[in-house]
Amino acid sequence: MTEEIKNEEQLNFLEEIIEADLAAGKYQQIIARFPPEPNGYLHIGHASSICLNFGLTKKYPGYTNLRFDDTNPVTEDTEYVESIKADIRWLGFEWKNELYASDYFDTLYEYALKLIQKGLAYVDDSTSDEIASMKGTPTEAGKNSLYRNRSIEENLDLFTRMKNGEFSDGSRTLRAKIDMAHINMLMRDPILYRIKHAHHHRTGDKWCIYPMYDMAHGQSDSIETVSHSICTLEFVPHRELYNWLIEKLEIYPSHQYEFARRNINYTVTSKRKLLQLVTEKHVTGWDDPRMPTISGMRRRGYTAESIREFCDRIGIAKRENIVDVGLLEFCVREHLNKIALRRMVVFHPLKVVLSNYSGDGEWLESENNPEDPNGGKRKIPFGRELLIEQEDFMENPPKKYFRLAPGQMVRLKSAYIIKCEEVIKDNNGNIVELHCTYIPESKSGSDTSGINVKGTLHWVSAKDAIEAEVREYDRLFKVENPSSEDGDFKDYINPVSLNIVTAYAEPALTESSIAEKFQFIRKGYYCLDTDATSEKLIFNKTVGLKDGWKPAH
RNA sequence: UGACCCAUGGUGUAACGGUAGCACUACUGAUUUUGGUUCAGUCAGUUAAGGUUCGAAUCCUUAUGGGUCAACCA
């Protein structure tokens, strides 16, 4: 019975492996790690990996370490270290230990010596080109290096001198001695250490030789006794080398498991490409709201909850995929609908004069969020002259047009029902103003008019409205998968991914803070941008409302 | 012309030899002082061909399609 209930839960393949390992008593707890290289900002793909690793060790006994894979000093920087830590925390996760592969450089060096002593590694004087040309191809065996059979003593001496800085960059490498005819290219005497006289963000100038990924990653996992080392599919061929090194080094046997990285349409998630967008100024920075980076999504107004929900919904598997960005947007709307404060903002104003409204105006009340009974209310000024959206009026409306038209009535949200009496045009025939009458008995909350209207419009009081800059974003790329198209991915950048409009907002918005999320009624979800000042309101469009009405033309 | 990984509606993901399910999208309808939300419903899928079996998305074979591998990157 209990087994049946348990079986109803759908596990992904990693959870199945973990549950089997736990059930077999192979591990008492599972240890995972999130291993970013500090050479770029985290993006939505990393979010998926973070949710996976940290989520697994939340679900099962154990913990996740944060380990920076900082073995290439020329591309890495502490700016990235800090942004990565901030992004993980913002997403809602906390690591057990903050670790760096560079912390293990001494140990890794000892491991290299051990390999040399076992006759399993050698110093190669070949140039980069020579090594490449002797590597063979997937269908052709490679050739042994001229230096492959040096004595252990000579290798020890040369490697020590490499470490001591006696040789120039690129002049020598330490290579594993495996098999140049191996079917797996990675096993054809892979390079373990290379010379780089470069300043490292943590170890400074202590080292001039640095381990390659394969010589560092699995060993770091092992040092940390990581039980489940989860990475993406392109590392599948590395697993053989990962295991070979652990076996020869006789160290703790961590295991590598691979899953398919998540791709999202109309964007790119490759740090190299994202870096290019930043350095070539196609966007304003790593946190440009159009970027699929965690910092960009945060600035755009996406919530951590919605990103976690998205990662949860797309799941994990081993097959190639392109997730529809629409699902991400659904998750964002789903959360924002619950928490966003409703406000009224008119983007393309059309003046409305209420010919039968006298007096200086009045303050009306409106709920902050109809989804939240405890959300409270706010005051909105109402007056004789109002602004509505140009698109909410049509002189010759199609059928089923619920908005304003000559002789037609609509409700102004939280205010009165109005009727369009007259259309005022300029000399060119453009509509510049509407003269309407309002129904005094139709006041929101105390409506005794008995009139039912289909349409409700958002509006602002003309004299009380405040100007705000609104930045509206569209997808960064014109095609679903820019990386798979011919030519450069940058050829497919959407030239109109940013549209700036000056809008007219109700006064309550003056008090906005960056932490608040808004829904501009009938428009979408918005948030204050970091560029905003006390003099100038600037909002980012997070995502639009689902739009259920399309005029038939 | 090798090896490895993968193949379920438009998209993502389940079903572990026994009724192909869930979510997003799209489309209907109801409700609605947001053409939003909510609610109800509809359309739509096992790459192909063989084989094993009482029974195959699932196991086997072959084919087809996609991805990965020849950086002193990770």
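**Exercise 1. Find which residues of the protein are closest to RNA strand B, and how many surround it.**

Solution. RNA strand B is surrounded by 64 residues, and the closest are Glu16, Arg313, Arg342, Ser444 and Gln519. Of the atoms of RNA strand B that come within 4 Å of the protein, 58% belong to sugar and phosphate. Near here means that a heavy atom of the residue lies within 4 Å of the strand. The model is predicted: local features need pLDDT of at least 70, side-chain atom pairs count only at pLDDT 80 or more, and totals for chains, interfaces and linings use all residues. Residues are numbered from 1 along each chain as its sequence is written, chains are lettered from A and ligands numbered from 1 in the order in which they are written, and side-chain values use heavy atoms, with hydrogens and water left out.

**Exercise 2. Describe the surface near RNA strand B by residue class and by element.**

Solution. Begin with the classes: 21 residues are nonpolar, 20 polar and 23 charged. Nonpolar covers Ala, Val, Leu, Ile, Met, Phe, Trp, Tyr, Cys and Pro; charged covers Asp, Glu, Lys and Arg; the others, Gly among them, are polar. Next, the elements: β6 (191-195), α12 (304-314) and α13 (325-339) each supply at least two residues. Helices (H or I, at least four residues) and strands (E, at least two) are DSSP runs, numbered from the N terminus. The largest share, 3 residues, comes from α13.

**Exercise 3. State which part of RNA strand B lies by the side chains of Arg194, Arg411 and Lys413.**

Solution. Take the side-chain N or O atoms one residue at a time.

- Arg194: a phosphate oxygen is 2.8 Å away.
- Arg411: a base oxygen is 3.1 Å away.
- Lys413: a sugar or linking oxygen is 3.3 Å away.

**Exercise 4. Give the strand order of the open sheet of 7 strands and say why one side of β10 and of β11 has no neighbour.**

Solution. The order is β10-β23-β24-β25-β21-β22-β11, with mixed pairing. Two strands pair if DSSP finds at least two bridges between them. β10 (341-343) and β11 (345-346) stand at the edges with a single partner strand each, so one side of each has no neighbour in the sheet. Within the sheet, β24 (residues 524-528) and β25 (residues 537-544) are antiparallel over 5 bridges, and Gly524 stands opposite Gly544. Helix α13 packs on the sheet, touching β10, β23 (518-520), β24 and β25. The direction of α13 makes about 120 degrees with that of β25.

Conventions: A polar contact is a pair of N or O atoms within 3.5 Å; within protein, one must be able to donate a hydrogen and the other to accept it, and residues adjacent in sequence count only if both atoms are side-chain atoms. Contact means heavy atoms within 4.5 Å. Axes are lines fitted to C-alpha atoms, for helices over the stretch in contact, and angles run from 0 to 180 degrees between N-to-C directions.
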